[in-house]
Amino acid sequence: MEPLSWTGAFAPLVPVLWTALAAVAILALLRWIAGFFLSEGDTQTQSDGTLAVTRGPLEMLDLATWWALLAALAVVAIFVAGGAALAEGAGILGAMSRRLLPVWIALASTFALSLTFKRRLGLYGKLFDSTIGMIGFALVMFWVFAAFMGAFGLIVTHDPLGQSGAMKNELPGMPYTRMLGEVAEGSYPYYLLGGDNLGRDVFSRMIAGSWVVVQIAPMATAFAFMVGITLGLPAAYKGGRLDELLSFLANLILAFPVILLFYLLVTPEIVETGIPAYMAAVMFLFPIAFIAILLNSRYRTRPALNTPLLIAVIGGLGWVYLSLISERFGPLDILPQALDLFDIPGGILVVFVSVVFVNSPTVFRIVRGLAFDIKTRDYVAAAQTRGEGSWYIMLWEILPNARGPLIVDFCLRVGYTTILLGTLGFFGLGLPPESPDWGSTINDGRKLLAIYPHPAIVPALSLLSLVLGLNLLADGLREESLRD
Amino acid sequence: MSDTPAQADAEETPILEIDHLSISFFTRLREIPAVMDFSVKVMPGEAVGLVGESGCGKSTVALGVMQDLGVNGEIVGGSIRFRGRDLSEMSEAELRDIRGSKIAMIYQEPMASLNPAMKIGRQLMEVPMIHEKVSKSEARARALEVVADVKLPDPERILDAYPHQLSGGQQQRIVIAMALMANPALLILDEPTTALDVTVEAAVIELVRDLGKKYGTSMLFISHNLGLVLETCDRLCVMYSGEAVETGRIEDVFDRMRHPYTQALFRSIPLPGADKNQKPLVAIPGNFPLPHERPPGCNFGPRCDYFEAGRCDAQAIPMFGLDQGDRHETRCLRHDEIDWTRLAIDGVETARTEPGDVVLKVDELQKHYEVAASALLRGGETKVVKANESLSFDARESETLAIVGESGCGKSTFAKVLMGLETATSGAISLRNTPIQNTAIEDRDTATVADVQMVFQNPFDTLNPSMTVGRQIMRALEIFGIGDSDAARRERMLALLDLVKLPREFADRMPRQLSGGQKQRVGIARAFAGDARVVVADEPVSALDVSVQAAVADLLMEIQREQKTTLLFISHDLGIVRYLADRVLVMYLGHVVEIGTTEQVFAPPYHPYTEALLSAVPIADTRVKKKHIVLEGEIPSAMNPPPGCPFQTRCRWKSEVPGNKCETELPPMVTISGGHQVKCHLDRAHLDAMEPVITLAEPSAEPAE
């Protein structure tokens, strides 16, 4: 079988794409230079209340740049749509586009639904008023959909861990053989993005790697937020000694070198002492405390509803908590095996703990700062004068009004966490060595980077696009939430 | 107020001539016209007032003059001429030259106009150094002169200070000085005193007026306060919803108004003579139209008593010149049909309620705060802030007791102690004979908490922005243990909305969907949720627009009449205090300096501080003659109060007291007559000889032309 080329039947379009992109660059440069010599056209109001701009040379240049950009985007769109139709006929890009078809469908329907109902969807709907926000959202959702569908075996072409002696360091588009000359019947015929140094499929490992990120990053960030909020609110609201103590602790943690901390946490000697497990036991208490206080402060005036609700919630979450921390033969072997719902691999737990541990002081500081401002508002005074408890005021009067900046920070922080996971994987900390996560993959590919760059470049670009997407999403949310 | 340089100057070129100006803002959804068909002329040396409620476009006019409308704003019609030259035809460089040197603007918030990282002297010297390229020493000399002109003590020291080292009033004087440094031909003042206390405001206004005369500067004075405009301006332009509705000389517009909006505005502000029982205020019905929902024809039509369907809403209404007065114009089709002498139509008289038993008794209340002298070292020396020194009074059932005083006088601290957010240092507060001064709010029983409630000042801050209106009221009901099921509480919540005259649909709205007045009503409903016996209203209407103030104040009075609540009305606005208070308590630096019924406090003999306060309040009535008393100096710090009488540092009567009693002894509370007490060393002869500060001249039938 012939190896696939990058674009297959669409090869004639490639020069068009390069020409269009070059035109964009040259025109933008021209526009910038011309801006020093020429003045902009006048704006005029028309009788129907719209503004009209007279066409000067600058406006013509703007227009030309815009058209060139549109042409480039159109070619990209043809690669994606045509590729989904032609599959291997359109080369590697086409075949990938076909494999990602479920993701395209999911993305398109999400956007169609959201755009239709955007006026009824609050802040989420407003995101679709901002181009930056939409681009970010599309990038993030691409990886989320790819991760979930990949986890259900929809997109991946080969087993991410399966090795092939024949495919070691093969270039993208090579036909798949299990051994030299042996054609594997029934399996996908190509390694779309080539093979790594152990002959594993880079494309499948990229998709599987996104699943690791999507599983850990948002959850770990959410836990960091709960810890930060549960400590930050009282620090700001009560102030005084409590604030001084907690702020000092936060500064202490922030002053500690992060990488060193990770190395310490995963060292077998430290793991044996049980420190990470104990830390997990403490940190995972916060979400339960958070939710219990949240409900109790809200419903304490109605005991008939409050008591059963609290028993149910604390009971349920407590069980999950115990299953989470209790590990057979681990330092905390509390729950009998029969009741233990699930076991988290020790490595993942350590990663989780490290991420929560280094993120929560920053969240603490943000929450504290926001709460300092909001606690001076009259509605907080109104709650005080009707005798509300401190926790009600903190969680129901202050916290909801800090949500805008917190949501934006959450998006950014998921991005940092993704980078952090990459770092941990790169140093081989916590995650198993054969793990397909992007950090480990980059580290594997690094060794032969000069000769075979593709096994490292693919996960690096994936990491970049997801974090970029999260940052753009945060920017879009910030811009739109400020607009009210 | 000086006489207008009227007809004689008619041929002279005006300093500023705005001709049929229209300004729009463009958003993604639509064009929003902010100012429509607006014309005004400012002659040399003339001061023109621009009056209207928030959102009427008065600040947009000012920004238009400065050609600073931002990216979305656009002048869509008409012209702005400065000394005969069209500003929109000038280049960016010419405009830059004019701004700050020929036209200067003074904004509301002084701190926002000053660079906090630069010494005052350098900021002032910059102006002539940039615009006139003068030498450094000359600029410094000019700065010294101007600082002395704005009556700041010790100019050398002020020039070497940073902005944060000055008080708000001093900062605003510096901003004015900075505007004057360039000797501008036109000064635009956008609500220059809104952020200041009344006595400071009076001093700044007097300064502006005197400087206007001295330098011959023309002024465009933007304000929502008709009283201030009366004191500073020669001519007046009333704006409503983007249009000028009436312009003319102050006397013409104030005494012979010819537009229903101007008339309604005057009926809704508490002028001397208004009374909550016999002559209540008349609020303007309805709401201010949103800029993109303006009605066809007359913008004021839907809220006007004289509206005639088919005529007032048929076409756009132009300005009509009037025969009377000097350039007096109105935007009313029916200006010659309406009987302008007729009194308000729907003023409803109510019976005066008699105060009942004593509900709240405050006896020698004292509240001191300890603050660390240095932020770095704890536990060293501490300083004591004496927020409340000795506070004694009682308040009866269904009585309105006004607490008057400027910022820093201790009224908010007293409210905190009363609510239980702080505990007293010494003294007693008893609520129906139960002492509560040392019981913090968490230790009070539900009934006590529900009995003492508060209405807050800032309508935009009083409701939690992320909870529906209904939920917030229901939460208060839950806390006060009212109603045994959610359904019962919801029913009670709807009844409370009825009580404050809000439609029941508002229960499911978010606070941002409500106007300021509506939010304030929700705040009142929340305070009355547990049938409060004592309600502390902390400046409940001062942040609202004039036309809404009357409605909210009357609502409070009505609920009070029904529920026999004791209302503690904290305010610095003596106009509204005179209108609705039964008794008045004047506070200064933590002391009660005067207490008595409203009539007693507003008539001589006064405490010297009350006298100054009364003189400082601007009153929008041309009949009023005020005695002119300007307080010198600043309010002393509560951390370091003067010995003896707290007011002795600013008192103009101090020389009348023999010896140095004022500086050494705290004056005793002297009873003048039935319940009227004054804390002053002045002897009876001097007190009795005091003249009234405010006198009403008989309305002249034919104002002087």
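**Notebook: salt bridges in a predicted model**

I started with B:Asp451, which forms a salt bridge with B:Arg432; the closest N and O atoms are 2.5 Å apart. The model is predicted, so I treat every value here as computed. I looked up where the two partners sit. B:Asp451 lies in helix 13 (residues 446-451) of chain B, and B:Arg432 lies in the loop between strand 16 (426-431) and strand 17 (434-435) of chain B, so the pair ties together parts that are 19 residues apart in sequence. B:Asp451 counts as buried at 11% relative accessibility, whereas B:Arg432 is partly exposed at 45% relative accessible area.

I then followed shared partners. One network joins residues of chains A and B through salt bridges, among them A:Arg298, A:Glu388, B:Arg471 and B:Asp486.

I find B:Lys411 buried at 8% relative accessibility. B:Glu539 is buried as well, at 7% relative accessible area.

I counted over all chains and got 52 salt bridges. My last entry is B:Arg140 with B:Glu156, their closest N and O atoms being 3.3 Å apart. B:Arg140 lies in helix 5 (residues 136-149) of chain B and B:Glu156 in helix 6 (residues 155-159) of chain B, so parts 16 residues apart in sequence are tied together. B:Arg140 is partly exposed at 26% relative accessible area. B:Glu156 is partly exposed at 41%.

Technical notes
Residues numbered from 1 in each chain as written. Chains lettered and ligands numbered in written order. Predicted model: local features only at pLDDT ≥ 70, side-chain atom pairs only at ≥ 80, totals over all residues. Heavy atoms only, no water. Salt bridge = Lys/Arg side-chain N within 4 Å of Asp/Glu carboxyl O. Helix = DSSP H or I, 4+ residues; strand = E, 2+ residues; numbered from the N terminus. Buried < 20%, exposed > 50% of the residue type's maximum accessible area, 1.4 Å probe, protein only.
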